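My notes are kept in the order of looking.

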Amino acid sequence: MKIDIMTLFPAQIEAVLGESIIGRARAAGILDIKAHNIRDYSEDKHRRVDDTPCGGGRGMLMAAPPIVNCYNAIISDLPEEVTPKVLYMSPRGKTFSQEDAKQLANEEHLIILCGHYEGIDQRAIDHLNAEEVSIGDYVLTGGELAACIITDAVGRLIPGVLPEAVCHEKESFEDDLLEYPQYTRPIDFMGMKVPDVLLSGHHANIDKWRLEQAEILTSQRRPDLYDKYFQRKSAAEEAKKRKKRRKTTTAE
Ligand code: SAM
């Protein structure tokens, strides 16, 4: 998967995405992530990229020309039929979720635009047909951390990035549940013991215990998620009962 990140601070992107699992996936050629410095595309002799907002108001805005020039350079080598998905990191956007990460992981090429100052000239956002994405209801100084979060969440879903494909299949948010509590050695830590069932070697009981714990945790911490889970579970059980009833009637 290819991800191009347009930013005024490429070093900030590299500091995060050059390390750990994503860094290794880049080195292995599984993820092709590049940070592009928007300032390199300024036509101003002082390499300025910002200006005051029309109509007045506080702060500065990132101007459209360097952003559009940077975008044009990124897409210049692409075959005509390829249209990368463009995201603009923005507190005004839809809040990013695990479901969005899964959808984006199906894309071949993402371009992520990071804002700074008071934001970006609307015409740049419109010209790039960028979808605004927020990482939460708070305001950051720039879009770089948000771009790294999205790249990390999407990147780890790409086959080969995590050591085993199963790693993300039983995690929080799968099936609208949060993950159950996990334990490792030592078995007794300061008098706190690992639950017996996890040491029993009985896989069916372990699965049952984990599901119960996930349900309890989700209902306590995220009642909104739990409602979704419960409705889906009830509908699935009802469908199963109907199928069983139909089978019995046909047999008679
Ligand atoms: N004036 C803007 C507003 O009120 O919506 C906020 C601008 S913010 C100081 C500068 C940049 O940080 C934004 O252009 C955006 O790229 C990024 N940013 C800030 N908060 C964000 C969030 N919650 N999610 C994603 N990006 C964010």
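The entries below record what I looked up, topic by topic.

**Ground rules.** I am working with a predicted model, in which local features need pLDDT of at least 70 and side-chain atom pairs count only at pLDDT 80 or more, while totals for chains, interfaces and linings use all residues. Residues are numbered from 1 along each chain as its sequence is written, and side-chain values use heavy atoms, with hydrogens and water left out.

**Backbone.** I looked for cis peptide bonds and noted the one from Arg-185 to Pro-186, with omega near 5 degrees. Pro-186 is in the loop between α6 and β8. For such labels, helices (H or I, at least four residues) and strands (E, at least two) are DSSP runs, numbered from the N terminus.

Arg-47 has one, at about 60 degrees. Arg-47 sits in the loop that runs between β2 (32-37) and β3 (50-51). I found Arg-47 partly exposed, at a relative accessible area of 37%. The classes are buried for under 20% relative accessible area, exposed for over 50%, and partly exposed in between (1.4 Å probe, protein chains only).

Asp-176 is another non-glycine residue with a positive phi, near 60 degrees. Asp-176 belongs to the loop between α6 and β8. Asp-176 counts as buried because its relative accessibility is 15%.

**The loop between α6 and β8.** Glu-164 is also placed in this loop, which lies between α6 (144-155) and β8 (188-189). With a relative accessible area of 47%, Glu-164 is partly exposed. I checked the distance from Glu-164 to Val-197: their C-alpha atoms are separated by 25 Å, and the two are 33 residues apart along the chain.

**Cysteines.** How many disulfides are there? I took a disulfide to be a pair of cysteine sulfur atoms within 2.5 Å. The count comes to 0 disulfides. Cys-70 is in none, and its nearest cysteine sulfur is that of Cys-114, 10 Å away. Cys-70 is buried, at 0% relative accessibility. Cys-148 is in no disulfide either; its nearest cysteine sulfur also belongs to Cys-114, at 7.4 Å. Cys-148 is buried too, with a relative accessible area of 5%.

**Salt bridges.** I used the criterion of a side-chain nitrogen of Lys or Arg within 4 Å of a carboxyl oxygen of Asp or Glu. The count comes to 22 salt bridges. I followed up a few.

Asp-176, noted above for its phi, pairs with Arg-232, and the closest N and O atoms are 3.4 Å apart. Arg-232 is partly exposed, at a relative accessible area of 40%, whereas Asp-176 is buried.

Which residue forms a salt bridge with Lys-193? The partner is Asp-188, with the closest N and O atoms 3.9 Å apart. Lys-193 counts as exposed at 60% relative accessibility, and Asp-188 is partly exposed at 39%.

Lys-233 and Glu-215 also meet in a salt bridge, at 3.1 Å from N to O. This pair links distant parts of the chain, with Lys-233 in helix α8 and Glu-215 in helix α7 (residues 203-221), 18 residues apart. Lys-233 counts as partly exposed, its relative accessibility being 31%. Glu-215 counts as buried because its relative accessibility is 15%.

I also noted a network in which salt bridges that share partners join Lys-2, Asp-4, Asp-32 and Lys-34.

**Surface charge.** Last, I looked at patches. Patches are made of residues with over 30% relative accessible area and no salt bridge; like charges are joined within 9 Å, and nonpolar side chains (Val, Leu, Ile, Met, Phe, Trp, Tyr) within 5 Å. Lys and Arg count as positive and Asp and Glu as negative, with His and the chain ends not counted. Each charge is placed at NZ of Lys, CZ of Arg, CG of Asp or CD of Glu. Accessible areas come from the Shrake-Rupley method with a 1.4 Å probe, and for residues only the protein chains shown count as cover.

Arg-242, Lys-243, Arg-246 and Lys-247 form a positive surface patch. Arg-246 is part of helix α8 (residues 223-251). I list Arg-246 as exposed because its relative accessible area is 53%.
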